[in-house]
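Good morning, everyone, and thank you for making time for this. Please have a look at the sequence and the structure on the screen, and then I will go through them slowly.

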Amino acid sequence: MKHCLAILLLSLCLCFMSTDAKAHRSDPYLPDADVLLDVGHGGIDSGAIFGKYEEKAMNLAISQKTFKLLKKKGYRVVMNRNKDYALSDDNSWSSGGRHRKDLAQRSGIANTLKPKLMLSMHINAGKPDRRGPLVFYQNQSDSILLAHLLQESLNHLYGTNELPIYGKKYYVLKHTKSPSVIIELGFITNKTDRRLLNNSHHQTKLAEAISTAVQQYFAMIHPS
């Protein structure tokens, strides 16, 4: 019930972001957040597509499982969408086209809530033989640490040996002040990854790998 209220309050506060995307952090109507889950795409924006499979749906399913696991571990977690809609629809405060408004809304939410970290959840696309997770980081130490912990945890799940990548070109990473990463959870264009990403059991395994890395990060950066 508490997390439903937090999401409702977040939705209400976003309605008033048209005049100031950086609302005062002491606003009692804004939920506190250890982790903000930035659920990629939504609504008119399906993200990567392969046949009947759409990135936006997989992002949401995996994020919902991650949300539940992190809440169970005691973290305060907020999702910036909990159903299929476009965040750009809520953005009447920034300029640009729909895609730019979507990205600005995501970083605007993060900079308003000021979470301790943000995970931007996505599915990759590429050549059919490319597979496995990739994590992109900001040019700051906490983001780099978080990315390495996540990449190691996801590599273990997939049996891969990737290294995290500096996400220099990504708008959300450049414009979000909190330590943030983009997690590409696998390749929709790879047959094996696509099957796994649409499997509920594997989605839970992904959520477990992510929550384990987040727990390691907080133990190192924010020890109790």
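This is a predicted model: local features need pLDDT of at least 70, side-chain atom pairs count only at pLDDT 80 or more; totals for chains, interfaces and linings use all residues.

What share of the contacts in the protein with a separation of 6 or more comes from residues 24 or more positions apart? The answer is 77%, where a contact means heavy atoms within 4.5 Å.

Residues are numbered from 1 along each chain as its sequence is written, and side-chain values use heavy atoms, with hydrogens and water left out.

The protein has seven helices and eight strands; these are DSSP runs numbered from the N terminus, with at least four residues of H or I for a helix and at least two of E for a strand. Of its 224 residues, 53% are buried, that is, under 20% relative accessible area with a 1.4 Å probe and protein chains only.

Let us turn to the sheet, which is open and is formed by six strands in the order β4-β1-β5-β8-β6-β7, with mixed pairing; two strands pair if DSSP finds at least two bridges between them. At the edges are β4 (77-79) and β7, each of which pairs on one side only.

Towards β8, the strand β6 runs antiparallel and is joined by four bridges, with Tyr137 opposite Val181 and Leu134 partnered by Glu184. Towards β7, residues 165-166, the strand β6 runs parallel and is joined by two bridges, with Phe136 standing opposite Ile165.

Finally, the largest pocket has a volume of about 270 Å³. A pocket is an open set of points on a 1 Å grid, where a 1.4 Å probe fits, with protein on both sides within 12 Å along at least five of seven lines, and lining residues have an atom within 4 Å of a point; the volume is the space filled by probe spheres set on the points. Of the 17 lining residues, the closest to the centre are His41, Leu103, His122, Tyr170 and Ile182. The largest share of the lining, four residues, comes from α3.

Note on methods: Buried means under 20% relative accessible area, exposed over 50%, partly exposed in between (1.4 Å probe, protein chains only).
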